[in-house]
Amino acid sequence: MRLYHRTTRANADIILRQGFLDHVDRHTSDFGIEGVWFSDQPENAADDAVVSIDFALSAKELSAFEWMEGERSYREWLIPTKVVNAKRRKMQICREAVAEGR
């Protein structure tokens, strides 16, 4: 299954060379949540890059990590870093920010 991770261009280069690193986030809670955020759509923002990752996991296997809150036009997953690095097959930068005026 292919998912997407938005990050900076510098971090995208590190991810491609070294894999993902542990990160703790405090997303809508007081307790730390560890993992890497992914979506099913290659969202892009002004200064970001989007890395596409093909996983050796089925949609059913990924369902344990799906993050559901509110109505959205896309789906999100918070996947533990160890799982991401162990189950990733192919990674590439699929989208980079385009400078204004281009």
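Does Ala86 count as buried or exposed, and at what relative accessibility?

Modeller: Ala86 counts as exposed because its relative accessibility is 58%. The classes are defined by relative accessible area: buried is under 20%, exposed is over 50%, and partly exposed lies in between, with a 1.4 Å probe and protein chains only. This is a predicted model, in which local features need pLDDT of at least 70 and side-chain atom pairs count only at pLDDT 80 or more, whereas totals for chains, interfaces and linings use all residues. Residues are numbered from 1 along each chain as its sequence is written, and side-chain values use heavy atoms, with hydrogens and water left out.

Ala86 belongs to helix α3, which covers residues 81–87. Helices (H or I, at least four residues) and strands (E, at least two) are DSSP runs, numbered from the N terminus. Although 67 residues separate Ala86 from Gly19 in sequence, their C-alpha atoms are 9.6 Å apart in space.

Ile53 is found in strand β5 (residues 49–55). Ile53 has a relative accessibility of 0%, and therefore counts as buried. Beyond its neighbours within four places in sequence, Ile53 is in contact with Met1, Arg2, Leu3, His5, Phe20, Phe38, Arg88, Lys90 and Met91; contact means heavy atoms within 4.5 Å.

Glu66, in strand β6 (residues 66–67), also counts as buried, because its relative accessibility is 18%. With residues up to four places away in sequence not counted, Glu66 touches Arg75, Glu76 and Trp77. The side chains of Glu66 and Arg75 are joined by a polar contact of 2.8 Å. A polar contact is a pair of N or O atoms within 3.5 Å; within protein, one must be able to donate a hydrogen and the other to accept it, and residues adjacent in sequence count only if both atoms are side-chain atoms.

These parts belong to a protein chain with three helices and eight strands, in the order β-α-β-β-β-β-α-β-β-α-β along the sequence. Of its 102 residues, 32% are buried. Among contacts with a separation of 6 or more, 80% are between residues 24 or more positions apart. The accessible surface is about 6600 Å², and 47% of it belongs to carbon and sulfur atoms. Accessible areas come from the Shrake-Rupley method with a 1.4 Å probe; for residues, only the protein chains shown count as cover.
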